[in-house]
Amino acid sequence: MPTKYVSTPQAPPPIGPYSQGVISGGFLFCSGQIALDSETGELVDGDVGVQTEKVLQNLIAVLREAKMGPENVVKTTVYLA
């Protein structure tokens, strides 16, 4: 099965040399997200709740581009600092 790269303007573009998502072996692997606004490229203002909501919106946009949704998520990793 070939590798397919997933990209959407509904989520911020990657800051580094990686993709928003990659489909391989029937799985979608999403890159890490921070609370960036996809239109302005700026970090959203607000507390951890506001920023978490933006991160989830960005991830859902990548999932939707891959014709998937939150119900397809198998594993997540969250880093808090």
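Where is the place of Ala-66? Ala-66 sits in the segment after H1, where helices (H or I, at least four residues) and strands (E, at least two) are DSSP runs numbered from the N terminus. Before going on, a word on ground rules: this is a predicted model, in which local features need pLDDT of at least 70 and side-chain atom pairs count only at pLDDT 80 or more, while totals for chains, interfaces and linings use all residues. Residues are numbered from 1 along each chain as its sequence is written, and side-chain values use heavy atoms, with hydrogens and water left out.

**After the helix**

Ala-66 counts as buried because its relative accessible area is 10%; buried means under 20%, exposed over 50%, and partly exposed in between, using a 1.4 Å probe and protein chains only. Leaving aside neighbours within four places in sequence, Ala-66 is in contact (heavy atoms within 4.5 Å) with Val-6, Ile-23 and Leu-28.

Lys-67 is also in the segment after H1. At 75% relative accessibility, Lys-67 is exposed. Its backbone is worth a look too: Lys-67 has a positive phi of about 60° although it is not a glycine. Most residues other than glycine have a negative phi.

Gly-21 lies in strand S2 and is buried, at 0% relative accessibility. Not counting residues up to four places away in sequence, Gly-21 touches Lys-4, Tyr-5, Val-6, Leu-28, Phe-29, Cys-30 and Val-62. Ser-24 is in strand S2 and is partly exposed, with a relative accessible area of 30%. With neighbours within four places set aside, Ser-24 is in contact with Thr-3 and Phe-29.

Pro-9 belongs to the loop between strand S1 (4-6) and strand S2 (21-24). It counts as exposed because its relative accessibility is 66%.

Here's how some of these residues sit relative to others in the chain:

| Pair | Apart in sequence | C-alpha to C-alpha |
|---|---|---|
| Ser-24 and Thr-3 | 21 residues | 4.9 Å |
| Pro-9 and Glu-39 | 30 residues | 8.4 Å |
| Gly-21 and Leu-59 | 38 residues | 9.3 Å |
| Ala-66 and Ser-24 | 42 residues | 12 Å |

**A lysine without a partner**

Over in helix H1 you'll find Lys-54. Lys-54 is buried yet has no salt bridge, meaning a side-chain nitrogen of Lys or Arg within 4 Å of a carboxyl oxygen of Asp or Glu. The nearest side chain of opposite charge, Asp-37, is 4.6 Å away; Lys and Arg count as positive and Asp and Glu as negative, with His and the chain ends not counted. Apart from neighbours within four places in sequence, Lys-54 is in contact with Ala-35, Leu-36, Asp-37, Ser-38 and Val-44.

**The largest pocket**

How much space lies in the largest pocket? About 1,100 Å³, a volume being the space filled by probe spheres set on grid points that are joined across faces, edges and corners. A pocket here is an open set of points on a 1 Å grid over the protein atoms alone, where a 1.4 Å probe fits, with protein on both sides within 12 Å along at least five of seven lines; lining residues have an atom within 4 Å of a point.

The lining holds 31 residues, and Ser-31, Leu-59, Thr-76, Thr-77 and Val-78 lie nearest the centre. Strand S3 (27-30) and helix H1 (48-65) each supply at least two lining residues, with H1 giving the most, 8 residues. By class, the lining has 21 nonpolar, 9 polar and 1 charged residues; Ala, Val, Leu, Ile, Met, Phe, Trp, Tyr, Cys and Pro count as nonpolar, Asp, Glu, Lys and Arg as charged, and the others, Gly among them, as polar.
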